Amino acid sequence: MVLSMNFDPFNESWSIHRTLMCYTRGMALPNDYAGQACSLARSLEIIGERWTLLIVRDAFWGVRRFADFLDDLQLPRAVLASRLKTLTAAGVMTRVAGERHLEYELTEKGRALWPVVLSLTNWGDDFCAPGGPRRLFRHAADDGQVDRWGRCDRCGTPVPAADTIVVPGPGLEPPDDSRVATALTRPHRLLEPLRPVGATAAPSVEPMRPAGGTAAPLLGPTRPAGATAAP
Ligand SMILES: [Zn+2]
């Protein structure tokens with residue numbers, strides 16, 4: 001990017017100028033909010049990019065494998081790799097050794113996003129779901145319903161994600177041919193690793209990093225041509 005002015009990255013006019021340059025040159029917009037000192041802006045710099053919050057949502061659903069995120073979200077693998085890199089760098093997710101491959105799981109910092117995911121889901125149920133909620137949440141201890149504030153309507157206590165059972169709601173459509181989406185139609189406890197049928201030894205997940213070796217690339221092996229949907 002060639003700049004034709006002396007710029008101050010914290011100056012609003014610079015921020016507007018840079019945004020316009022991105023538009024006119026067909027470039028991706030920056031993911032920071034240099035002119036904003038608000039904590040919401042700082043949060044959005046981590047979780048505000050397209051797909052990111054859906055990846056976090058899937059992680060609450062129990063998705064852990066690179067290939068399983070791809071299967072459910074149908075996003076370009078390079079985008080998934082980029083988002084996971086951002087989330088791990090920010091300490092929202094971490095990579096752990098799975099049975100054969102590296103997996104991703106939410107850290108405590110990531111699990112602290114559960115009220116955000118729950119609240120946005122409820123907002124979507126209210127205004128964007130004519131068929132009704134796609135998923136409902138129950139308290140594992142007593143099967144009470146988790147309300148929009150994250151409290152059980154039976155015992156009245158706040159229900160953490162790890163004590164929440166997600167069950168299909170009236171608006172949940174029949175799953176497509178995604179094995180992950182199919183697995184997600186069954187009631188299950190949040191954060192418990194999802195093991196979709198047919199995925200136990202899938203070769204298309206990220207390989208494990210050898211002990212003491214260099215960092216494994218975030219990108220998994222190339223998907224067959226045409227197998228990845230556009231975002
Ligand atoms: Zn309860």
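Is Trp 51 buried, partly exposed or exposed? Trp 51 is partly exposed, because 16 other C-beta atoms lie within 10 Å; a residue counts as buried with 20 or more other C-beta atoms within 10 Å of its own, as exposed with 12 or fewer, and as partly exposed in between, the C-beta atoms being placed from the backbone. The structure is a predicted model, in which local features need pLDDT of at least 70 and side-chain atom pairs count only at pLDDT 80 or more, while totals for chains, interfaces and linings use all residues. Residues are numbered from 1 along each chain as its sequence is written.

**Overall organisation**

- The protein chain contains 8 helices and 5 strands, where helices (H or I, at least four residues) and strands (E, at least two) are DSSP runs numbered from the N terminus.
- Read from the N terminus, the order of elements is α-α-α-α-α-β-β-α-α-β-β-α-β.
- Of the 231 residues in the protein chain, 23% are buried.
- Among contacts with a separation of 6 or more, 56% are between residues 24 or more positions apart; two residues are in contact if their C-beta atoms, placed from the backbone, lie within 7 Å.

**Helix 5**

- Helix 5 covers residues 77-89, 13 residues in total, and its first and last C-alpha atoms are 18 Å apart, close to the 18 Å expected at 1.5 Å a residue; the expected span is 1.5 Å times one less than the number of residues.
- Its buried residues are Arg 77, Leu 80, Arg 83, Leu 84 and Leu 87.
- The exposed residues Ala 78 and Ala 89 are carried by the face of helix 5 turned away from its buried side.
- The packing partners of the buried residues of helix 5 are helix 3 (52-61), helix 4 (66-73), strand 1 (93-97) and strand 2 (102-106).
- After helix 5 comes Gly 91, which has a positive phi near 80 degrees.

**Strand pairing**

- Strand 1 and strand 2 run antiparallel and are joined by 5 bridges; two strands pair if DSSP finds at least two bridges between them.
- The two strands form a hairpin, with 4 residues between them.
- Opposite Ala 97 stands Leu 102 in strand 2.
- An open sheet of 3 strands has the order 3-4-5, with antiparallel pairing.
- Strand 3 (135-139) and strand 5 (188-189) are the edge strands of this sheet, each pairing on one side only.
- Between strand 3 and strand 4 there are 5 bridges in the antiparallel sense.
- Phe 137 has Val 166 in strand 4 as its bridge partner.

**Nonpolar core**

- The largest nonpolar core comprises 33 residues, and those with the most contacts inside it are Ala 59, Phe 60, Trp 61, Phe 69 and Met 93; such a core is a set of buried Ala, Val, Leu, Ile, Met, Phe, Trp, Tyr and Cys residues joined through C-beta atoms within 7 Å.
- Two or more residues of this core come from each of helix 3, helix 4, helix 5, strand 2, helix 7 (114-127) and helix 8.
- Leaving aside residues up to four places away in sequence, Trp 61 touches Val 166, Leu 184, Leu 190 and Leu 194.

**Loop residues**

- Trp 51 lies in the loop between helix 2 (39-47) and helix 3.
- Although not a glycine, Trp 51 has a positive phi of about 85 degrees.
- Trp 51 and Leu 73 are 22 residues apart along the chain, and their C-alpha atoms are separated by 8.3 Å.
- Asp 143 is located in the loop between strand 3 and strand 4.
- The phi of Asp 143 is positive, about 65 degrees, although Asp 143 is not a glycine.
- Asp 143 is exposed, because it has 11 other C-beta atoms within 10 Å.
- The loop between strand 4 (164-168) and helix 8 (179-183) holds Asp 177.
- With 7 other C-beta atoms within 10 Å, Asp 177 is exposed.
- The C-alpha atoms of Asp 177 and Asp 72 are separated by 9.7 Å, the two residues being 105 residues apart along the chain.
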